[in-house]
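This briefing concerns the structure displayed below.

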Amino acid sequence: MTVSLKHDDEVVTASSLVSIHYHDVIIIGGGLTGLRVAIQVSDAGLDGAVLSKVHPLRSHSVAAQGGMNASLGNVPGEDGTTDSWEMHAYDTVKGSDYLADQDAVELMCREATSTVYELEHMGTVWSRLENGKIAQRPFGGAGFPRTCYAADRTGHNALHTLYEQVLDRGIPTYEEFFVTSLVKDNGRCIGCTAIEIMTGNVHGFLSKAVLLATGGFGRIFNRSTNALINTGDGHAIALDAGVPLKDMEFVQFHPTTLYGTNILMSEGARGEGGILLNSKGERFMEHYAPKSMDLAPRDVVARSIEQEIKEGRGHEEGYVNLDLTHLGEDRIMERLPGIRQIAMDFAGVDPIKDPVPVQPGQHYSMGGIDVDIHGATLLPGLYAAGECSCISVHGANRLGGNSLLETVVFGRLVADKIIEENNKLATQNIEPIKIAVHEVESKIEEILERKGAENFFKVKDDMSKSMFNNFGIYRDDQSMHEGLNEIKKLQRTLSNLSPNNKNRAVNQTLIQFLELEGMLKIAEVVAYGAIARRESRGSHTRTDHPDRDDNRFLKHTIAFLKDGNINITYKPVKLGMFKPKERVY
Ligand SMILES: Cc1cc2nc3c(=O)[nH]c(=O)nc-3n(C[C@H](O)[C@H](O)[C@H](O)COP(=O)(O)OP(=O)(O)OC[C@H]3O[C@@H](n4cnc5c(N)ncnc54)[C@H](O)[C@@H]3O)c2cc1C
């Protein structure tokens, strides 16, 4: 097979129909993180390409509602004082239940204001105050109104901005390419393989650096605000390549998801003054967080709602009410138009007139691919950023508004590191890419030839229900072990099943089958991490170990694959300005 590499061109080897592409940097993911990286790489004169299993504008970032945190100080605090990056960092570390690495938090909070202005200069249309400055609203766990927003469609606004910049630069994007594996050579990541969904062909990608920006894994849970595409593929392929995952047991449950569909009702709704009421019409957050009330951090509010429901003070079906009626039509129409529309379309409730039924649902993956402060993984040449990574700025519980911030701040900073390293490297060896493409081809053939008759979507349903029931808001040893056994059983079941659709072209069923294989691996990692952490911290609440235990567990969980088994070890948390203390809200 003869292959001549060109920088930005597809190289087809006619003899075997293997397509191999070369780019300096392969960016896997077309959400806010991936696109921000792509822009930076392009501006440095490197040839970076974006791969995404959906059109970039369908990436989950587009659904982000409430906003992005930065201590612009445009709205004073309750006592008239002005916000600062130090206060932002303090709230973030406290919100994280002290598990966040404080060097990364400091970096993110220092960079936040310039990042908001940078997005504005690129074209993001932030909502404004009467005086013309960028508007900021209160958010959970924040000491100041710090969250900059574009009504309740912030992600939509920001993602379109970055995509326009990508188009403007002519950055190559491989849309609807499903990445299946990372390729290594001499201990270095040199590229990846991907299925072109339209044709079913497997392509190889060779590069000097690969960045994973593949988003979260929320869909391993059944009550989730996440898009169906949030299946943790990046986590799974990193794990397969021997890269450790960090703090995977910390999964955020958002307090207010629409009862029935679990579509997000943004924290911005409470930021604008919305309140939570139980079935007796009581403002129950008074009892759980007397100071912060409805705007306590998400772990606190989600637990409180769950407790109200468990103790019979929720509505029978399993929800409480989010009341916005007192805000008035004008404010709701200006600040929360999307929330109103969703409530009307999916629950038949107009928040201007009636309270909205809400219940907690899975929302965010705090854990992820273990990276250092530059976004580098343990595998040279492989980087990760955004929700799929764990750098770790969110620790055991993320504050709302900090994730959009993380995507663009670290998108830029990690890109800078890649650029620095890239300039020192030579092109890699193409042979391992060819071998990897053939391995993926063989694997697909083997899966499609299996005879198993059971519908594999049942495996997906069983997994996501079991994860919510056994690794949900409240956890204990017995139910978690039951959950782990169920995952292992489902893994064995899936290994005999096959998608009904045997075609190669546009076979979304095959893609979902491959996603599910990875999801079951991720579910297993979450399970092992949660069982091993015998304390309660942030989102990880164990009824059998109700207290935080800094002596034994002020450390990051590290999970890695060895001889096909998940192994758990730990590494220290980077403390700094803020010493761990009890969280009071
Ligand atoms: C409903 C909702 C609202 C939210 N609102 C806010 C908010 O207001 N403020 C805030 O700070 N945070 C918010 N968040 C969180 C925030 O939106 C996300 O954490 C963030 O957008 C993730 O961005 P990302 O770039 O890391 O990943 P994503 O935007 O999820 O992008 C992932 C990309 O990876 C690609 N990909 C994945 N797997 C593969 C594969 N195998 N092959 C090829 N491509 C692949 C996808 O196609 C996609 O392009 C919200 C989350 C949800 C669920």
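**Structural briefing**

Asn-186 counts as exposed, at 78% relative accessibility; here buried means under 20% relative accessible area, exposed over 50%, and partly exposed in between (1.4 Å probe, protein chains only). The model is predicted, so local features need pLDDT of at least 70 and side-chain atom pairs count only at pLDDT 80 or more, whereas totals for chains, interfaces and linings use all residues. Residues are numbered from 1 along each chain as its sequence is written, and side-chain values use heavy atoms, with hydrogens and water left out.

**Ligand site**

- The ligand is surrounded by 37 residues, and the closest are Ser-59, His-60, Ser-61, Glu-387 and Ser-403; a residue is near a molecule or strand if one of its heavy atoms lies within 4 Å of it.
- A ligand oxygen atom lies 2.8 Å from an N or O atom in the side chain of Ser-52.
- Backbone atoms take part as well: a polar backbone atom of Leu-32 is 3.3 Å from an oxygen atom of the ligand, and a polar backbone atom of Lys-53 is 3.0 Å from a nitrogen atom of the ligand.
- Taken alone, the ligand exposes 1,000 Å², of which the protein buries 98%; accessible areas come from the Shrake-Rupley method with a 1.4 Å probe, and for residues only the protein chains shown count as cover.
- At least two residues of the shell come from each of α1 (32-43), β4 (48-52), β9 (177-185), β17 (356-365) and α11 (402-422). Helices (H or I, at least four residues) and strands (E, at least two) are DSSP runs, numbered from the N terminus.
- Helix α11 gives the most to this shell, with four residues.
- By class, the shell holds 12 nonpolar, 21 polar and four charged residues. Ala, Val, Leu, Ile, Met, Phe, Trp, Tyr, Cys and Pro count as nonpolar, Asp, Glu, Lys and Arg as charged, and the others, Gly among them, as polar.

**Nonpolar cores**

- The largest nonpolar core has 135 residues, of which Leu-182, Leu-211, Leu-212, Ile-220 and Met-467 touch the most other members. Such a core is a set of buried Ala, Val, Leu, Ile, Met, Phe, Trp, Tyr and Cys residues joined through side-chain atoms within 4.5 Å.
- Helix α15 (residues 508-532) gives the most to this core, with 14 residues.
- Apart from this core lies another, of 25 residues, among them Leu-327, Ala-343, Ile-352 and Tyr-585.
- Leaving aside neighbours within four places in sequence, Leu-212 is in contact (heavy atoms within 4.5 Å) with residues including Ile-28, Leu-182, Ile-237, Leu-382 and Cys-388.

- Thr-154 lies in helix α4 (residues 154-169) and counts as buried because its relative accessibility is 0%.
- Beyond neighbours within four places in sequence, the contacts of Thr-154 include Ala-64, Trp-126, Cys-148 and Leu-404.
- Gly-155 is also found in helix α4 and is buried, at 0% relative accessibility.
- With neighbours within four places in sequence left aside, Gly-155 is in contact with Ser-61, Val-62, Ala-64 and Leu-404.
- In helix α10 (residues 337-347), the buried residues are Pro-337, Gly-338, Ile-339, Arg-340, Ile-342 and Ala-343.
- These buried residues of α10 pack against β14 (251-258), α9 (329-335) and β17.
- Gly-348 follows α10 and has a positive phi, near 65°.

**Loops and backbone geometry**

- Asn-186 is found in the loop between β9 and β10 (188-196), and its phi is positive, about 50°, although it is not a glycine.
- Tyr-98, in the loop between α2 (85-95) and α3 (102-122), has a positive phi of about 65° although it is not a glycine.
- Tyr-98 counts as buried because its relative accessible area is 1%.
- The peptide bond from Ile-391 to Ser-392 is cis, with omega near -10°, and Ser-392 is found in the loop between β20 (389-390) and α11.
- His-55 is found in the loop between β4 and β5 (68-69) and is partly exposed, at 23% relative accessibility.
- The side chain of His-55 makes a polar contact with that of Tyr-163 (3.3 Å). A polar contact is a pair of N or O atoms within 3.5 Å; within protein, one must be able to donate a hydrogen and the other to accept it, and residues adjacent in sequence count only if both atoms are side-chain atoms.
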